[in-house]
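Me: I am new to this structure and would like to understand the words used for it. Could we take them one at a time?

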Amino acid sequence: MAKNTIKVRAKIKGGKCVVKTLIKHPMETGLRKDKKTGKKIPAHFIKEVVCEHNGEKVCVANWGVAISKNPYLSFRFSGANKGDTIKIAWTDNKGDSDSIEATVS
Amino acid sequence: MNLARRDILKLGLTGAALATLPIGVLVPDRSAHAAYPEAVFKEKDLDKALQDLFGTSDIPAGDIKIKAPDIAENGAVVPVSVSTSIGGVESITLLVKENPSPLVAHFELNPRADGYIATRIKMGKTSPVIAVVKADGKLYSASKTVKVTIGGCGG
Amino acid sequence: MKKLTKKLGILLLALPLAQVAVADVSPEEELVKFQNYYKQKFPDVPFQDFANGVYSIDPASREQWEALEEFPPYEIDIEEGKRLFETPFANGKSYADCFENGGIGIAQNYPYFDTEKKEVITLALAINRCRIENGEKPLKYKKGKIAKILAYMAYTSRGNTLDIKIPNKDALEAWKKGRQFYFSRRGQLNLACAHCHLDNAGRRIRADILSPALGHPTHFPVYRSKWGELGTLHRRFAGCNKQVRAKPFKAQSEEYRNLEYFLTYMSNGLKLNGPGVRK
């Protein structure tokens, strides 16, 4: 289980909850070659990001290798209040995962 | 419900049958969300990818705004956002035609979510960036070409 | 390659390369000339904005940079840098013991000329000397842990104004050497730093826009999309030298430290804005 890979900001702005998240992950495409060995570096990327508000799924992202390294995601939704809980959880193609909970400010 | 839907997808039904299936609808009753479209992420042809996802590659233009640079500073990190005021958005899909595999990302959105996502993507070369929005069972698309260049300062 | 050489050839012919006068150079006068040159070349750029490099002179790339700055990739590195900075050494001491103010908000004081040791001390060098003095192995200078620690220290120093001093004759010699380096041609492409970043700042080299030298050192360490990670100023020096097909000097070599001393002095008056994100 990966740790401390997710940063998230959730703020109420104009009646909506705006969520921005940055995740530390190599998002390796599997197409790059190791300069020293000449071998292809295996693909290592986040496949799914599940974003929940007070336990309810608001956004589910399916990602491929073309999402940039240290990926960023932002989305907005209504019906949230300050103090609510946002949860961001990811799983990658190697079965690794991490999650974080944050408070809406 | 989800199991039956996956079986139908495997049988490769096209057109109307797929269009009526509630693919990627997030309902607030905590049911499992749609399965990760493994095969589509590997699909090399844009039209085939669209057909696999939506049952058609012929998607009409809609009121969708793609915010992306005209010329990407660096093809490895291209900031892109998709926003639409079309109501009832269920999903937003991002594709890059000239990438080795065009499907970049697929976002399922709860009815409370705005028709908006922002992310950063990799582009191998100059290409149209395509957004497909599914709203109230209907499909809409938009496209914006982003140029990817070779820098002079060593790329 | 042929096309590029041809274009560069035309570039070089037209160059009004600034004089490399040897006699008596006054850093104070040079500083004013240098900064005025850019102010005149880019009259619409507010002085402090030069710290943002190419983004101060190109709206299209600025927009992309601002999109990245909404949640910059180096934020993760700042956190890791803070953890590294606050972790004590095996002997119980920590980085805070080596620096004034516990190492917080002091990056604008670097590099400085150590009048006793008669050399330029950069922040990276100071970090490693701190480690060695406390029985730890030095860190590599271009990326990784040192870059993260520098990111944290740069972050705590954001907004602080550069006011690099030249205290004595030895310091002046070091500054002159840095200046000499800056204006000397090198590499197969036979270019000096000044060719691109002074004479041709704002012009294009293929699809890149050459950034002004004024403001160059303020935003390091930098997360370059090209690197996919943080890198230090000397990493960039080495990269730039490689790009003109010159053999780079070692990070924290005397040459690069003198160059950093010169460059940073010439950006006096600008506020630090590191760590930064660039292409």
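Me: Which residue stands opposite A:Asn62 in E5(B)?

Reply: In this predicted model, that place in E5(B) is taken by B:His106.

Me: What makes E4(A) and E5(B) paired strands?

Reply: Pairing asks for at least two bridges between two strands. E4(A) and E5(B) are joined by 5 bridges, so they count as paired. They run antiparallel.

Me: How do you know that strand E4 of chain B pairs with strand E5 of chain B?

Reply: The test is again at least two bridges. Strand E4 (residues 89-96) and strand E5 (residues 103-109) of chain B share 5 bridges in the antiparallel sense, so the pair qualifies. B:Leu95 has B:Leu103 as its bridge partner in E5(B), and B:Ser91 has B:Glu108. E4(B) and E5(B) also form a hairpin, with 6 residues between them.

Me: Why is E5(B) described as largely enclosed by the rest of the structure?

Reply: A residue is buried if 20 or more other C-beta atoms lie within 10 Å of its own. In E5(B), 7 of the 7 residues are buried, so the strand is largely enclosed.

Me: Where do these strands sit in their sheet, and which strands stand at the edges?

Reply: The open sheet has 9 strands with mixed pairing, in the order E7(A)-E6(A)-E3(A)-E4(A)-E5(B)-E4(B)-E7(B)-E8(B)-E2(B). Strand E7 (97-103) of chain A and strand E2 (71-72) of chain B stand at the edges. Each has a single partner strand, so one side of each lacks a neighbour in the sheet.

Me: What makes E5(A) and strand E6 of chain B a pair?

Reply: Here 4 bridges join E5(A) to strand E6 (residues 113-121) of chain B, and at least two are needed, so they pair. The two strands run antiparallel, and A:Ser74 stands opposite B:Ala118 in E6(B).

Me: How many residues of chain A are in contact with chain B, and which element gives the largest share?

Reply: Chain A has 25 residues in contact with 31 residues of chain B. On the chain A side, strand E3 (46-53), strand E4 (56-63) and strand E5 (72-77) each give two or more residues. The largest share, 8 residues, comes from E4(A). By class, this side has 13 nonpolar, 6 polar and 6 charged residues.

Me: Which residues does A:Cys59 touch, leaving aside its neighbours within four places in sequence?

Reply: Residues are in contact if their C-beta atoms lie within 7 Å. By that test, A:Cys59 touches A:Cys51, A:Phe75, B:Phe107, B:Leu109, B:Asn110 and B:Ala113. A:Cys59 is also among the residues with the most contacts inside the largest nonpolar core, which has 134 residues.

Me: Why is this core said to lie between two domains of chain C?

Reply: Domain 1 (24-71 + 166-278) and domain 2 (74-156) of chain C both give residues to this core, so it lies between them. The C-alpha centres of these two domains lie 22 Å apart. Their contact takes 27 residues from domain 1 and 24 residues from domain 2. On the domain 1 side, H10(C) gives the most, with 5 residues.

Me: Why is H10(C) called mostly covered?

Reply: With the cut-off for buried at 20 or more other C-beta atoms within 10 Å, 11 of its 13 residues are buried, so H10(C) counts as mostly covered. Among them are C:Tyr256, C:Arg257 and C:Phe262. The buried residues of H10(C) pack against helix H2 (27-41), strand E1 (112-114), strand E2 (119-121), helix H7 (169-183) and helix H9 (233-243) of chain C.

How values were computed:
Residues are numbered from 1 along each chain as its sequence is written. Chains are lettered from A and ligands numbered from 1 in the order in which they are written. This is a predicted model: local features need pLDDT of at least 70, side-chain atom pairs count only at pLDDT 80 or more; totals for chains, interfaces and linings use all residues. Two residues are in contact if their C-beta atoms, placed from the backbone, lie within 7 Å. Ala, Val, Leu, Ile, Met, Phe, Trp, Tyr, Cys and Pro count as nonpolar, Asp, Glu, Lys and Arg as charged, and the others, Gly among them, as polar. A nonpolar core is a set of buried Ala, Val, Leu, Ile, Met, Phe, Trp, Tyr and Cys residues joined through C-beta atoms within 7 Å. A residue is buried if 20 or more other C-beta atoms lie within 10 Å of its own, exposed if 12 or fewer, and partly exposed in between; C-beta atoms are placed from the backbone. Domain bounds come from an automatic or database domain assignment.
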